[in-house]
Amino acid sequence: MSNDSKLATLDSTIVDRLPAYSQTLFTAKTNKRLTFEQIAKELGRSEVAIAALFYGQATASAEDVQKLSALLDIPIENLSTALNLAGFPDRGRAGPMPPVEPLIYRLYEIVQNYGYAFKAVMNEKFGDGIMSAIAFSSKVEKEVDSDGVTWVNINLRGKWLPFTRF
């Protein structure tokens, strides 16, 4: 990682909304100067999945706990207890609605502005149903065009779940 790169750290304004282990994971990540991409490569998962794990929005397997413990120098007993006794992920509580953090607000704004367009196109292609956020994966890629302009590519991949007649 280059010296001018910055690491994602834990936003102090949301600490009280996250599991206690989030602080431990972020502190170790910062101390080791690791990106989510680097951690993801070590664990064999996507960087979005690893970030979700740090925020308490995903579950860790026993293998994830072992690898995180070794990579971040966190005693496995502490990490295993924290992650395995944390209960189920609490998705969706990390911030206020509507979001106030500018980048998160822009993602929310995309759904506000284009949500019905996405829905219409998906319904035409797949029928009456929804895209799963459970059987789901995502990745974020950086693109620099021929003019040197940087673009964000966000891929959202969800299983199509047709509505059933009852």
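Modeller: A charge sits over a ring if NZ of Lys or CZ of Arg is within 6 Å of the ring centre and within 35 degrees of the ring normal. This is a predicted model, where local features need pLDDT of at least 70, side-chain atom pairs count only at pLDDT 80 or more, and totals for chains, interfaces and linings use all residues. Residues are numbered from 1 along each chain as its sequence is written, and side-chain values use heavy atoms, with hydrogens and water left out.

Colleague: Which residue lies over the face of Phe36?

Modeller: The distance to the ring centre of Phe36 is 4.5 Å. The residue over that face is Lys29.

Colleague: How are the planes of Phe36 and Phe54 arranged?

Modeller: Rings of Phe, Tyr and Trp (its six-membered ring) pair if their centres lie within 6.5 Å; planes under 30 degrees apart count as stacked, over 60 as edge-to-face and the rest as tilted. The centres of Phe36 and Phe54 are 5.2 Å apart. Their planes stand at 90 degrees, so the pair is edge-to-face.

Colleague: Are Phe36 and Phe54 buried or exposed?

Modeller: Buried means under 20% relative accessible area, exposed over 50%, and partly exposed in between (1.4 Å probe, protein chains only). By that scale, Phe36 and Phe54 are both buried.

Colleague: Which residues do ring pairs link into a cluster?

Modeller: The structure holds six aromatic pairs. Phe26 and Phe54 form an edge-to-face one, because their centres are 5.3 Å apart and their planes at 85 degrees. The cluster linked by ring pairs consists of Phe26, Phe36, Phe54 and Tyr55.
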